[in-house]
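Here is a short briefing on one protein model. Keep the sequence and the 3D view open as you read.

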Amino acid sequence: MQPLLPRLRALRRPGSYWHLHRYVLDLDADAAAGPPPGVTAGAGPALVPVNQADLDEMRATCPDLTDRKYDQLRERIGAADITAYLIRDADGSWAGYCHLAYRRFVDHYLSHVVRLRRHEVLFVDDQVFPSHRRRGLHVYSIRRRCELARERGMRTGVVVINDRNAASIASYRHVGIRPARRLVLVRPFRVMIQIPRRRR
Ligand SMILES: CC(C)(COP(=O)(O)OP(=O)(O)OC[C@H]1O[C@@H](n2cnc3c(N)ncnc32)[C@H](O)[C@@H]1OP(=O)(O)O)[C@@H](O)C(=O)NCCC(=O)NCCS
């Protein structure tokens, strides 16, 4: 770890603080909104639980899948507390990945541990490859995960989003997210400060 003084000096730099929010969403409310678009009788896009054959095909065909992410997705094959899904576009090409985590999730990237209650599920680690963006695939992946989580008896979704990530906030607004907690990541110290929202 870096010595203390340079880290204290770094606190004055604007990029040293990341502002985020933890949001919650009611999974049943999304059910009332009807099925996700494009999921009729096998047509349209799909979420495929990660498996070795499809992951290898994704690696062979998607230059945007990094080696680090390939390794992480491979480790998650068959995992009990997190399910990784590969996003397949309507034409059969691989378009990205996304996850649902149950119980507890350690986010090393954000130095943050998300503890989940019974019936809570975390939407995490979403990416649509640049070649497939702005076609509604992220919104599809969120709404489909709402269905899949409900099938496992979950009632509430949780998601952590950086305030600067306009695309992700716009996507999750489609399922009625509500801010639950403000988060500030102090990057030089890798510490996440959590500020609960005041009840009115
Ligand atoms: C965020 C991300 C997953 C969005 O994927 P996508 O498939 O392009 O999103 P969609 O096509 O479903 O669009 C969803 C909404 O985001 C908006 N949007 C998409 N890209 C945007 C951008 N660059 N800036 C602003 N809004 C954007 C769309 O207009 C749409 O909003 P609307 O329905 O209100 O019009 C993708 O940009 C990505 O992989 N980014 C890098 C990783 C990341 O940020 N992951 C999310 C972490 S929480």
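The points below cover the ligand shell, a strand hairpin and one proline. The model is predicted.

**Around the ligand**
- The shell around the ligand holds 17 residues.
- Val128, Arg133, His138, Ala167 and Ala170 come nearest to the ligand.
- Helix α6 gives the most, with 5 residues.
- By type, the shell residues divide into 7 nonpolar, 6 polar and 4 charged.

- Find Arg182: it stands opposite Ile195 in β10.
- Between the two strands of the hairpin there are 4 residues.
- In this hairpin, Arg190 takes a positive phi near 50°.
- Strand β10 spans residues 191-196 and is hardly covered.
- Of the 6 residues in β10, the count of buried ones is 0.

**Pro6**
- Pro6 is found in helix α1, which runs over residues 4-10.
- Is Pro6 buried or exposed? Pro6 counts as exposed because it has 9 C-beta neighbours inside 10 Å, and the cut-off for exposed is 12 or fewer.
- Pro6 and Pro188 are 182 residues apart along the chain. Their C-alpha atoms are separated by 8.8 Å.

Key. Residues are numbered from 1 along each chain as its sequence is written. This is a predicted model: local features need pLDDT of at least 70, side-chain atom pairs count only at pLDDT 80 or more; totals for chains, interfaces and linings use all residues. A residue is buried if 20 or more other C-beta atoms lie within 10 Å of its own, exposed if 12 or fewer, and partly exposed in between; C-beta atoms are placed from the backbone. Two strands pair if DSSP finds at least two bridges between them. A residue is near a molecule or strand if its C-beta atom, placed from the backbone, lies within 6 Å of it. Ala, Val, Leu, Ile, Met, Phe, Trp, Tyr, Cys and Pro count as nonpolar, Asp, Glu, Lys and Arg as charged, and the others, Gly among them, as polar.
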